[in-house]
Amino acid sequence: MLWILAIAVIFWLLIIRPAQRRQKEIAQVQSSIAPGETVVLTSGIFGTVSEVDDLTMHVEIAPGVAIKVARGAVGSVIRPDDELEDEPEDESDEPAVQDDPATTDDDNEER
């Protein structure tokens, strides 16, 4: 009987508790969305919030094209700090790989 109780406690600590914490964080982000913010919907659509209601919001996905979505459809909010982190790093410090000038096509064919 003690083993069953121990397994239940471990299950709660490792699975249920972190899931509840994630849900609270997502709900907090969804409730704090304001017009002008860039969001990513759970379907993968990027857009800018143009209008916010109690249960829905209007998201502009292209110039002049706005869709009405539920607040729960927002997966994440893109902040200006997040955009800087997503940019690829400049790898110009590494030299480009070039073919050896001493090697010709004839040499490659013989090998």
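Is R79 buried, partly exposed or exposed? In this predicted model, R79 has a relative accessibility of 32% and so counts as partly exposed.

The protein chain holds 3 helices and 5 strands. Read from the N terminus, these elements follow the order α-β-β-β-β-β-α-α. Of its 111 residues, 14% count as buried. The chain exposes about 9300 Å², with carbon and sulfur atoms supplying 56% of that area. As for contacts between residues at least 6 apart in sequence, 34% of them join residues at least 24 apart.

The strands come together in an open sheet of 5, arranged as β4-β3-β2-β1-β5 with antiparallel pairing. At the edges sit β4 (65-70) and β5 (74-78), each of which pairs on one side only. Going from one strand to the next, the twist averages 45°. In general, strands of a sheet pair through backbone hydrogen bonds, in either a parallel or an antiparallel way.

Taking the pairs one by one, β1 (residues 38-41) and β2 (residues 46-52) run antiparallel and are joined by 3 bridges. One of the residues involved is T38, whose bridge partner in β2 is T48. The hairpin made by these two strands has 4 residues between them, and G44 in that hairpin takes a positive phi near 100°.

Next in the chain, β2 connects to β3 by a hairpin of 3 residues. This antiparallel pair is held by 4 bridges. T48 turns up here too, standing opposite E60 in β3.

Within it, M57 stands opposite V69 in β4.

Side chains of opposite charge can pair when their charged atoms come close. The model contains 1 salt bridge, and R79 forms it with E37, their closest N and O atoms lying 2.5 Å apart. R79 belongs to the loop between β5 and α2 (80-86), while E37 belongs to the loop between α1 and β1, so the pair ties together parts that are 42 residues apart in sequence. How covered are the two partners? R79, at 32% relative accessibility, is partly exposed. E37, at 19%, counts as buried, because the cut-off for that class is under 20%.

Which residues make the nonpolar patch? L2, L5, V9, I10, F11, W12, L13, L14, I15 and I16 do, and the patch covers about 980 Å². One of these residues, L14, lies in helix α1, which spans residues 2-31. With a relative accessible area of 63%, L14 is exposed, because that value is over the 50% cut-off.

Notes. Residues numbered from 1 in each chain as written. Predicted model: local features only at pLDDT ≥ 70, side-chain atom pairs only at ≥ 80, totals over all residues. Heavy atoms only, no water. Patch = residues over 30% accessible without salt bridge, like charges linked within 9 Å, V, L, I, M, F, W, Y side chains within 5 Å. Areas by Shrake-Rupley, 256 points an atom, 1.4 Å probe, with all protein chains shown as cover. Salt bridge = Lys/Arg side-chain N within 4 Å of Asp/Glu carboxyl O. Buried < 20%, exposed > 50% of the residue type's maximum accessible area, 1.4 Å probe, protein only. Pairing = 2+ DSSP bridges. Axes fitted to C-alpha atoms, helices over the stretch in contact; angles between N-to-C directions. Contact = heavy atoms within 4.5 Å.
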